[in-house]
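Student: I have a model open and want to learn how to read its side chains. Where do we start?

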Amino acid sequence: MSIADLLSAESVTANLRVSSKKQALVELSKRAAAVTGQPEKTVFTVMNEREQAGSTGVGAGIAIPHGKLAGLTTPLGVFARLERPIDFDAIDGQPIDLIFMLLLPEGDGPDHLKVLARVSRLLRNRALCDKLRATDRADALYMMLTEVAASHAA
């Protein structure tokens, strides 16, 4: 599964203005609800419960909140570049400004780990992250995320 299979242009946001981890999860849950057709509260509950189990702030200014949702048939993603970095209880203690929320089908078994690993590999690309941080256009963010991923798949 490619990043282009996970994201749509509508699921990418630039300059998301939030001031806390909870507010970020609420705002991304709203966007995820629009993309998935799932209730916003359901998405938020799943993401918040996952965060209670341990932060998905992976370091280097990046968070990859993820969770399984009943009713989904395929993994979907929502990406946001924050207007300002926020505390996300990241593993390195640094604030985050790039969030890739990953929504997975409930019965996906271990396949969800492959999708999570793909997103993680993509966001470990420092040059890409620098470019993502340098733009304030959602269409440019979408293009960067999907083109870099496609070029690395070839």
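Predicted model: local features only at pLDDT ≥ 70, side-chain atom pairs only at ≥ 80, totals over all residues.

Student: How many aromatic pairs does a search of the whole structure find?

Tutor: A pair of aromatic rings is described by the distance of the centres and the angle of the planes. Rings of Phe, Tyr and Trp (its six-membered ring) pair if their centres lie within 6.5 Å; planes under 30 degrees apart are stacked, over 60 edge-to-face, the rest tilted. The search finds 1 pair here. The ring centres of F79 and F100 are 6.2 Å apart and the planes meet at 65°, so the pair is edge-to-face. It links distant parts of the chain: F79 sits in strand β5 (residues 76-86) and F100 in strand β6 (residues 96-105), 21 residues apart. Strands (E, at least two residues) and helices (H or I, at least four) are DSSP runs, numbered from the N terminus.

Student: Are F79 and F100 buried or exposed?

Tutor: Buried means under 20% relative accessible area, exposed over 50%, partly exposed in between (1.4 Å probe, protein chains only). F79 has 0% relative accessibility, so F79 counts as buried. F100 is also at 0% and buried.

Student: Which residue lies over the face of F88?

Tutor: A charge sits over a ring if NZ of Lys or CZ of Arg is within 6 Å of the ring centre and within 35 degrees of the ring normal. K21 lies over F88, at 5.0 Å from the ring centre.

Student: Where does P65 lie?

Tutor: P65 is in the loop between β3 (62-63) and β4 (66-69). P65 is buried, at 1% relative accessible area. The C-alpha atoms of P65 and M101 are 4.9 Å apart, though 36 residues separate them along the chain.

Student: Which residues of helix α5 are buried?

Tutor: In α5 (residues 126-134) they are L128, C129 and L132. They cover an arc of only 95° (directions from the helix axis to the C-beta atoms), which puts them on the same side of α5. The face turned away carries the exposed residues R126, K131 and A134.

Terms used:
Residues numbered from 1 in each chain as written. Heavy atoms only, no water.
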